[in-house]
Amino acid sequence: MNKEQVIAELNAILSLEYTAVLQYTYQSIVVRGLDMSRFLPMFQAEAAESLTHARLVGEKIVALGGIPTAEVHPIDTTTDTRRMLENDLRMETEAAKLYAQALSHAEDDVALRVMLENQVEAETASVEALKRLLA
Ligand SMILES: [Fe+2]
């Protein structure tokens, strides 16, 4: 396994997970109207889940001997619920792709593979739920 490459890939994921925490938290704060009762709990739950993912990935980077990034991507501050969900779908799709990409380089590290497989599954479930919401 090319450790440096996997650490770099995990850091790209970590940055995206931090961004997800920020984006979902922001959305839970600004969501309004009738959409508030429908989506506020979802945004809060997704923010909490993303924080769990960030911790998991950050700790794996440390375990592999890397330095975890503290970088966050800028977020769209829209207050339009549909646009929020579209942004979330783009982000979750990207996360699923990055986890799968890292998985393809995990090679003989079984624990890393299992962790990344679980993450691919979790992110894909989010993608499917968001696609269903937006249908
Ligand atoms: Fe995630």
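Predicted model: local features only at pLDDT ≥ 70, side-chain atom pairs only at ≥ 80, totals over all residues.

At what angle do helix 3 and helix 4 pack, and how far apart are their axes? I get about 155° for the angle and 8 Å between the axes. Angles over 145 degrees count as roughly antiparallel, so helix 3 and helix 4 are roughly antiparallel to each other. I also looked up the handedness, and helix 3 passes helix 4 in a left-handed crossing. Sorting that contact by class, I find 14 nonpolar, 4 polar and 7 charged residues.

Next entry: the helix 1 side. Helix 1 (residues 3-30) packs with helix 3 (residues 81-103) at about 160°, and the axes are 10 Å apart. That angle makes helix 1 roughly antiparallel to helix 3. Their crossing is left-handed. On helix 1, the residues making the contact include V6, L10, I13, L16 and Q27. From helix 3 I noted M84, D88, M91, L98 and Y99 among them. By class, this contact has 12 nonpolar, 5 polar and 3 charged residues.

Then a length check on helix 3. Its 23 residues, at 1.5 Å a residue, should span 33 Å, and the end C-alpha atoms are 33 Å apart, so the two agree.

Last entry: burial. Which residues of helix 3 are buried? My list reads T81, M84, D88, M91, E92, A95, A96, L98, Y99 and A102. I then asked what covers them, and the answer includes helix 1, helix 2 (34-63) and helix 4 (110-134).

How values were computed: Residues numbered from 1 in each chain as written. Axes fitted to C-alpha atoms, helices over the stretch in contact; angles between N-to-C directions. Helix = DSSP H or I, 4+ residues; strand = E, 2+ residues; numbered from the N terminus. Parallel < 35°, antiparallel > 145°, perpendicular 65-115°, else oblique. Left-handed = near helix turned anticlockwise from the far one by under 90°. Contact = placed C-beta atoms within 7 Å. Nonpolar A, V, L, I, M, F, W, Y, C, P; charged D, E, K, R; others polar. Expected span 1.5 Å × (residues − 1). Buried ≥ 20, exposed ≤ 12 C-beta atoms within 10 Å, placed from the backbone.
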